[in-house]
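Let's go through the aromatic rings in this one, question by question.

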Amino acid sequence: MQDAGAPQVRTLLLTDLVDSTHLVERLGDAPAAALFRAHDRLVLELQQRWRGRLIDRSDGLLLLFERPIDGLAFALDYARGLRDLGREMQVKQPLQARAGLHVGEVLVWENSADAVRLGAKSLEVEGLAKPLAGRLMALARPGQILLSATAEPLAHRAARELGERGELLVWKSYGRWRFKGIPEAQEVYEVGEPGLAPLRMPAHTPKAWRDLPLWRRPVALAAEALLVAGMAIGAWFLAQPKPAIAFAERDWVVVGDLRNLTGDPRLDEALEQAFRISLEQSRYVNVLGDLKVRDTLQRMQRKPDVTVDRALGSEIALRDGARALLLPTVAEVGGRLRVSAEVVDPHTQTTVYAVSADGKGIESALGSIDDVTDQLRGKLGEALQNVQKTSVPLPNVATPSLDALKAFAVARRLAMTTGDREQVLGLYRRALQLDPQFALAHADMARLHASLGEVAAARDEWRRALALPQRLSPQERQMIELMLLQHDGPQNYFRKADEYLALYPDDYQTIGRLSSNQWHQRNDFRTAEALARRALKPQNERFGSVHYSIGIMLLGQERYDAALAEFRLARETGFLGAGEFYAFAHEARHHFAEADKVFFASAVGRTGWQGEVGGIVWINRGQPARAAAAVRAWSGAADAGDDVLESLRARTALASMAVLHGQGDASEAQQALLALVDAKGAAGDAVYPPISTELRLYAGLLSAYRNDRSGVEDALRRTQDSAVVHEYQTVRELYQVLQAEQERLAGQPRLAMARLEPLVRQDTALVATHWALMRAAQAAGRADVANAQAEWLATHRGRVFAESTTSDVLRFFNISVSAAALRSQQARMRAGTVTP
């Protein structure tokens, strides 16, 4: 027999098949055996579905689960399965079971192979949690599922994972009960489906009875109660348990400002940042970000530098859906440095738990913070083995230098407030001078560079951070690997993102980036919308921008009213930045006055329609000269700057205006574009790998528009060996569009149609693919197909405006061919050849 080892926190489910002996007597041996074989198949299926481990089985079951919601789901499906089994096998009495669900510590060990051969179970489970689950099961009525006070909040919190079924469950409390052999009274709950579960108070048994208050007990006890009233009242107050918070996995906490009672200024911001870094290693506890706290303070009309104390922190927690407030303190007590933290219930502002750790001297502070956060995680319900597994000491995951940590903390604060690039970078560099191995400082510098569009600098800093893996938490290391993969093949990025979010499902920034990549790299508006909605949580500091992103995805699906509603919500929740897509939702329907009003009220639209968006809008409104003027101004400014991508994209727009609208010499504009790609494409690829390949293919698309076969063939030849064509879905599709155009120009339009028709059946097909199929069908004499694609281009205006590929160069082409299709449709309607 193997050693049981340390206790483990597990979910226990005990069930008992009601009147099983009587059932065998009524059915007879053979039918009963058939029934129990079917029963065992049901148990095995549910055990696999809900990841349970079967410990014991007779007329009852004992199963272990990692999570309470899995145990509850098993019990619910088991109750329904028994009912259906009884009906299927025409059993006259109802097939029902009693069930008890509890979460607690157990000892688990495996019996030896010899013992198993002699009839012992393969696995043994013991501990106080087991009899309590048994008492709950015995108390339950037939068909009833009873839960302990430990299991109920955890299961209740996760019930949304059961989908619509979870919303229909009824949750009932039956108060405190006394169980024989268990010293403390226990809260008892029932969960069940209406029409299947009893949803009634359990009956008293010799081993279980309600713990009624004195005033509800039989009259015979009244006299005795009066005699001991004084003592009883005092004892009652002394015996009351401390208030608790029903904290569940992935619940949120607000961290208040650290109270530094030592008078040492080095500890002010350094320890508060250290407290956050240490706590954020948990996959069980989510910490509300500093940016979100500041955003909430702004909405509360409070100054951003106000102290987040018990009262203010509780209000923030209630507003943002956080379960608890944490208040850290550092003080000198008896000549020792004490770090402590309170867990506060924001509803009552009462302290639920308080933990502390003492050390000698200021150098003990980081170790004490680790000790305190480990205690907090345990108090909030995280399993001890998870704490031990994921807790990396602060000197390793951050820095052993308090001075470096101080510079780092100040840099983070200033990055959120002043936005002074040089000052913030200077503080991060100071932190690295004090500790050259401070990997988090490199990671923060990378984030700052990335937020400013300085992609190459960001990548360099991420690589420097990753070169110090021993100084990064597991989450930070995986995050940096993911950020670097954004500039490699997308398949690896999507795979790594899925792996990362399986471990950290509440990282809303990563969810947002994944959504954006589904939009840009796969043209998949439905998947992008679904991902964005996962980040639409009150704890997300970019809550308003998520509404805006969802609006774009809805626009791409032609759901205009829903898109406009999301854009309005973005404005109402404080997202006042970009406004072009909000305006495009009106522009797509030719509601130009509304588009102007929306755009001019945004931060980027105060000077009117200019630059790239101006070019797009004036094309849509049939004013190519104004569009060309806007694009020329944009290109001139881009050439004067040092943003390579902006310069390449602006030159692409100039070529588009010349080819598609006659605003300049088409051949000369295309040659200028290709020359710039040859000169600066490598620099652009260093920032974003698809840029030069997609621009060369786009130049080929413009050649196809002009029926220039040599230009199409040149584009295909120059990109055929590019890995980007194979790795990026939208680039690969653009390459296929050019192949189809090559076939059309070679007099083989039916080959082109055969290539394109499978593509346009997909929701993710590019606008250019529909256009190419229209052209191929026209050349092949297939008016039905050509007209259908022309109709698509004229009516899918939301997609035309929302489509944004890897380097975002197709916009001018899309708007132009769509506007042309719309004008053609309107002309045919005026001529009476098309029904409106």
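A quick definition before we start: a charge counts as sitting over a ring if NZ of Lys or CZ of Arg is within 6 Å of the ring centre and within 35 degrees of the ring normal. Keep in mind that this is a predicted model.

Q: How far from the ring centre of Trp618 does the charged end of Arg626 sit?
A: The cut-off for a charge over a ring is within 6 Å of the centre. Arg621 lies over the face of Trp618 at 5.5 Å from the ring centre. The charged end of Arg626 is also placed over the Trp618 ring, and its distance from the centre is 3.8 Å.

Q: How many aromatic pairs turn up in the whole structure?
A: Rings pair if their centres lie within 6.5 Å. Searching the whole structure on that basis gives a count of 20.

Q: Are the rings of Phe247 and Tyr284 stacked, edge-to-face or tilted?
A: Their centres are 6.1 Å apart. Phe247 is in the loop between helix 9 and strand 10, while Tyr284 is in the loop between helix 10 and strand 12, 37 residues apart. Both residues are buried. The planes meet at 35°, so the pair is tilted.

Q: Which residues form one aromatic cluster with Trp519?
A: Trp519 and Phe581 are both buried. The cluster holds Trp519 together with Phe581, Phe584 and Phe801.

Note on methods
Residues numbered from 1 in each chain as written. Predicted model: local features only at pLDDT ≥ 70, side-chain atom pairs only at ≥ 80, totals over all residues. Heavy atoms only, no water. Phe/Tyr/Trp six-rings, centres within 6.5 Å; stacked < 30°, edge-to-face > 60°. Helix = DSSP H or I, 4+ residues; strand = E, 2+ residues; numbered from the N terminus. Buried < 20%, exposed > 50% of the residue type's maximum accessible area, 1.4 Å probe, protein only.
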